[in-house]
Amino acid sequence: MTTLLTFPKGGVHPPAAKEYTAHLATEAMPVPDELEIILGQHIGAPCTPTVSKRAEVEEGELIGEVKKGLGVPLHAPVAGTIKTFGTSGHPMRVSAPSITIRTDQAAPARTYEKKAWSQLDAKELLAKVHNAGIIGIGGAGFPSHVKLSPPPDNPIDTLILNGAECEPYITADHRQMLERSAEIVEGAKIILKILGITTCHIGIENNKPDAISAMNVAVANAASEEFTIKVQPLQVKYPQGSEKQLIQAVTGRKVPAFALPSAVGVVVHNVSTTAAIHDAVVLDKPLYEKVVTISGKGISRPANLRVKVGTKLSDIVDYLGGVTDDLAKIVMGGPMMGFAVSSLDIPVTKTTSSVLFLAEDEIDTSPHSQCIRCGWCLEACPMGLEPKEVAIHVEAGRPQDTKQFGVFECFECGCCAFVCPAKRPLVQFIRLAKMKAAG
Amino acid sequence: MRSSESVEKIMWSVVACLVPPLILSTFIFGIQTLIITAVSVASCVAVEAISQKVMGRQVTVRDGSAVITGMLLAFVIPPGVPYLLPVLGAVMAIYIGKHLLGGIGYNIFNPALLGRAFLLATFPVAMTSAWLPATPPSEMALFKYLGTDIDAVSTATPLALLKEQGMTAVNETFGATANLYTDFFLGIRPGSIGETSGLLILLGGLYLLYRRYISWHIPVSMLATIGLLTWIFGGVTPFSGDPLLAILSGGALLGAFFMATDYVSSPTNKKSQLIYGMGIGALTVLIRLKGGYPEGVCYAILLMNPISSVLDSWFKPKRFAAPLPSQGGAK
């Protein structure tokens, strides 16, 4: 029995709510007649279309490129015709430029063949990752090739695969670890080769014992002299899957404030991103599909769906038999860090990990009251910040004074808002403070 | 996603923890204690509702915080005072002490103690003499003192006697020291409701600790400091004071678990809480031994209340990690 690792400071234990979908095998959703592909899928510059209106495209064909700055190319998720260049609904940005493709339902799905990659060098592998449009699909959307080319003054010695999946409800990574464990391990080897290192830890929260054993089997099957890959069970505590907390849990190293994991010699990739990196290198398949957990009491049939990037929420709802009468809130992402959306006219992006249809009894709509200074948010904050002070200063009209309480170190995990007995929307206060304090 | 805890749940749990000592003291001092408590609670709730209405704020009496203030106020005044006193105390505690300072969350001072301090200053005689003699619960004194002339049965509290006449007088009036511990712990002694049963107040405090509504830092550091300093300075010669008697008497337990731990007026950082508790303990002993009053918990807490935010500005939570020197961190 391995000891369960965890981060020491803060954290909370929200109800897991994973029982709705954890046992459901990933199912491929039929391709809808139209897809809306948002040009800015990742952190960095949005893509510029490389196709013209009414052009016919093949599945996997390049349709957008980043001309300048940080980013990755964009590919057609289906064979079809470019219909329009317009805007689409976006969970965080309200609306964003997009390409609409009309699907050619007659075209057969493209198949990909395995290719050996052992003769490729790190540079060639990295180019494949970039060209396939791989970004961190766990939610952050950071271009993967950038993570895989750390600055030369920060020698990397450890790769961590993030299989914690600590957000309630979401089981997309869980299913990937069960169904694509061999591909994830091979993807890990590709990453290790690109980084020129040998050590990889796969961190998985202990509430997924089947994923832990599946990954252990896959690691044993792929054992080699060359690499040391180890599955590391983690304590169930939110936010175990946060990059800094995961690195501390697994290696004991603390990433300095505002710094990247490379500062402590670590690179972290989500397990699903690792599977996508496998596909990019072994199959030459670009990233244009996504496993998304659709859950909550507000959807007729919860599921883990493999959908094309650009599939609209309304298509997903139709496919799953509609919403229930007591649907109260739709959240893109997890219930702790996700964003509530007010429309189904929003397409799935590469970073969409879940869409939650929450019923009345799954959300807390009680109004917030004044801060009673219980200090629970200070105990819960994994970063050692002072959420209550930020909120009080924002309420008092002094958001510009909140830098001292660490607003810019906050990654908005929501632990403070979860524990707050006065039900204060502390994350929203902090977001407001970040906007005002930055200027 | 939110946890199931709420301000209402916390407040009403505290109220529930204060009910057993109230029931016991009703049996010990008679139904007068129950009436005084009811008057105090009703006044606090009414003053809160009126204050919020007049100030155009949302009326939040259902959160239970005014009920706690009312109960605590009744617990720290002699049970035999005229009914007007808890009403005036409620105005001081809730209107001036709480809502004029910004409402819940912004009251620098513990409202109940502010009410008591105000009453002690304005009605010094009633507040130091309207005690009822304690009767063992077996004698069912429930209705004994109702309607009788309260001043006629007034008597000194053990701490007042100790201060004025020394330990020998305490032993003469209340019995041998060994029996005192038991009587004080169970509550068979004159005093305010909150001074009666150490046992039941301790149990209530332990329940709040168990529910994690309070942490151990303030009660432990406060009581340990009272015990230690009383042991050193409280006797005729150094190191001969009685720490146990000091902790069991004068509402030290009520103060430690139910008043010094008040969220709003106490610090949030654990280190600040330890220092805050020590400060209250030290001031309590100083007032008891050298001050003009036999009892010091109330003023000790009120004196430390405004220092809470100062302590919290000195002791900040430990950040996850400092920035690199290139990003503004320490070199």
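A quick word on conventions: residues are numbered from 1 along each chain as its sequence is written, while chains are lettered from A and ligands numbered from 1 in the order in which they are written. Since the model is predicted, local features need pLDDT of at least 70 and side-chain atom pairs count only at pLDDT 80 or more, whereas totals for chains, interfaces and linings use all residues.

Let's start with the core. By a nonpolar core I mean a set of buried Ala, Val, Leu, Ile, Met, Phe, Trp, Tyr and Cys residues joined through C-beta atoms within 7 Å. Buried means that 20 or more other C-beta atoms lie within 10 Å of a residue's own, exposed means 12 or fewer, and partly exposed is in between, with C-beta atoms placed from the backbone. The largest such core has 223 residues, and Met215(A) and Ile301(B) have the most contacts inside it. With nine residues, helix α1 of chain B (7-29) gives the most to this core. Helices here are DSSP runs of H or I with at least four residues, strands are runs of E with at least two, and both are numbered from the N terminus. Domain 1 (122-283) and domain 2 (376-438) of chain A both contribute residues, so the core lies between them; those bounds come from an automatic or database domain assignment.

Now, which residues is Ile301(B) in contact with, leaving aside its neighbours within four places in sequence? They are Asn110(B), Leu113(B), Gly255(B), Met259(B), Ala260(B) and Ile280(B), where contact means C-beta atoms, placed from the backbone, within 7 Å.

On to the backbone. Most residues other than glycine have a negative phi, and most peptide bonds are trans. The bond from Tyr238(A) to Pro239(A) is cis, with omega near 0°, and Pro239(A) sits in the loop between β11 (228-234) and α6 (243-251) of chain A. Phe258(A), in the loop between α6 and β12 (266-270) of chain A, has a positive phi near 65°. Lys423(A) also has a positive phi, near 55°, and belongs to the loop between α11 (415-419) and α12 (426-438) of chain A.

Finally, the sheet. Four strands of chain A form an open, antiparallel sheet in the order β2-β8-β7-β4, with β2 (34-38) and β4 (56-57) at the edges. Strands pair if DSSP finds at least two bridges between them; β2(A) and β8(A) (94-103) are joined by five, and Ile38(A) has Ser98(A) as its bridge partner.

Notes. Contact = placed C-beta atoms within 7 Å.
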